[in-house]
Amino acid sequence: MNPYETDELVTQYMAFHYGDSYFEVENYPAKCAQHCLQLMANEVGVATEKALDLGCAVGRTTFELARGFDEVIGVDLSHRFVECAVQLKEKGSLEYSTITEGQLLTPCNAELTELHLDQQRSKVRFYQDDACDLSDHHQQYNLIFAGNLLDRLQDPKQFLNSIHNYLMVDGILVMSSPYTLLEEYTPRENWLGGYTENGKVVSVLDGIKEALAPHFVMINEPIDVPFVIRETQRKFQHTIAELSSWKRIK
Ligand SMILES: C[S@@+](CC[C@H](N)C(=O)[O-])C[C@H]1O[C@@H](n2cnc3c(N)ncnc32)[C@H](O)[C@@H]1O
């Protein structure tokens, strides 16, 4: 079963996107969106009409991007994640539970008004779709954000080779990932890096640069963006993603 369809990950991601922060680490989906909006502000002449959030999960980055874009589309493969995001768009709030310990749960409520995101509801749409096989109506975005998606794909190289088709020339691609390189998601032969070849170290960032080179230049040095996912009241995943930004040049 796809783990992103389970109760466990639905509650974890609802809390990750809309719940408390831990260990003084800022809300990751919001932080990534702020970074994207700052980049758009710095890139003179790039419009902020349409953005695409690929692997949007339960939707926080999609809503956050709508603070600066006229329209934002969130796409995720998980039916249950998209269902949560759609509920939030339609009703403005969604109840969920987090795991305290074992079968003990704590009820929680995600409220868009509390996050000052109520105004953004009319600007977002969510679809269950495959980021590696997007329908034809996904065209001409000014920004594409893919948060922690790359290391969940079967063939990330193929994704990177085709992503320019959905962006305008001069449009911006932002990707974050902790490069976890798990064979259950990405078979070893499809890894972008994380190995040595002819005695030379190949990092995932090297692999991304090579795959994007025909259509993109990197803008700014990649930055570290930490995040914390709460599993139970006593267990947390503390991870550091690398966020890189690219401009489509042809
Ligand atoms: C590690 S989670 C990251 C979610 C979100 N961007 C965040 O940072 O919280 C990976 C997400 O990508 C989604 N996903 C995996 N493969 C996908 C694909 N081929 N197309 C669209 N979404 C996919 C999963 O359902 C999951 O929501």
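Guide: I will start at the ligand. Of the 18 residues around the ligand, the nearest are Y4, G55, A57, A131 and G147; a residue is near a molecule or strand if its C-beta atom, placed from the backbone, lies within 6 Å of it. The model is a predicted one, in which local features need pLDDT of at least 70 and side-chain atom pairs count only at pLDDT 80 or more, while totals for chains, interfaces and linings use all residues. Residue numbers run from 1 along each chain as its sequence is written.

Sorted by class, the shell around the ligand holds 11 nonpolar, four polar and three charged residues. Here Ala, Val, Leu, Ile, Met, Phe, Trp, Tyr, Cys and Pro count as nonpolar, Asp, Glu, Lys and Arg as charged, and the others, Gly among them, as polar.

G55 and A57 lead on to D76, which touches G55, C56, A57, F81, V82 and Q128, leaving out residues up to four places away in sequence. Contact means that the C-beta atoms of two residues, placed from the backbone, lie within 7 Å. D76 sits in strand β2, residues 71-76; helices (H or I, at least four residues) and strands (E, at least two) are DSSP runs, numbered from the N terminus. D76 counts as buried because 27 other C-beta atoms lie within 10 Å. The cut-offs are 20 or more such atoms within 10 Å for buried, 12 or fewer for exposed, and partly exposed in between, with C-beta atoms placed from the backbone. Q34, 42 residues away along the chain, has its C-alpha atom 21 Å from that of D76.

The largest nonpolar core has 62 residues, of which M14, L54, L143, I144, F145 and L173 touch the most other members. Helix α1, residues 7-18, gives the most to this core, with six residues. Such a core is a set of buried Ala, Val, Leu, Ile, Met, Phe, Trp, Tyr and Cys residues joined through C-beta atoms within 7 Å. In soluble globular proteins, nonpolar side chains tend to be buried together. L173 touches I144, I163, L167, F216, W246 and R248, again leaving out residues up to four places away in sequence.

Helix α1 is mostly covered, with nine of its 12 residues buried. M14 is one of the buried residues of α1, which also include V10, Y13 and F16. The buried residues of α1 pack against α2 (28-42), α3 (60-65), α4 (79-91), β3 (93-101), β4 (104-111) and β11 (223-232).

Some loop positions contrast with this. E24, in the loop between α1 and α2, has a positive phi of about 60° although it is not a glycine. E24 is exposed, because 7 other C-beta atoms lie within 10 Å. H116, in the loop between β4 and β5 (124-128), has a phi near 55°, positive in a residue other than glycine. H116 is exposed too, with 9 other C-beta atoms within 10 Å.

Of the 250 residues, 38% count as buried.
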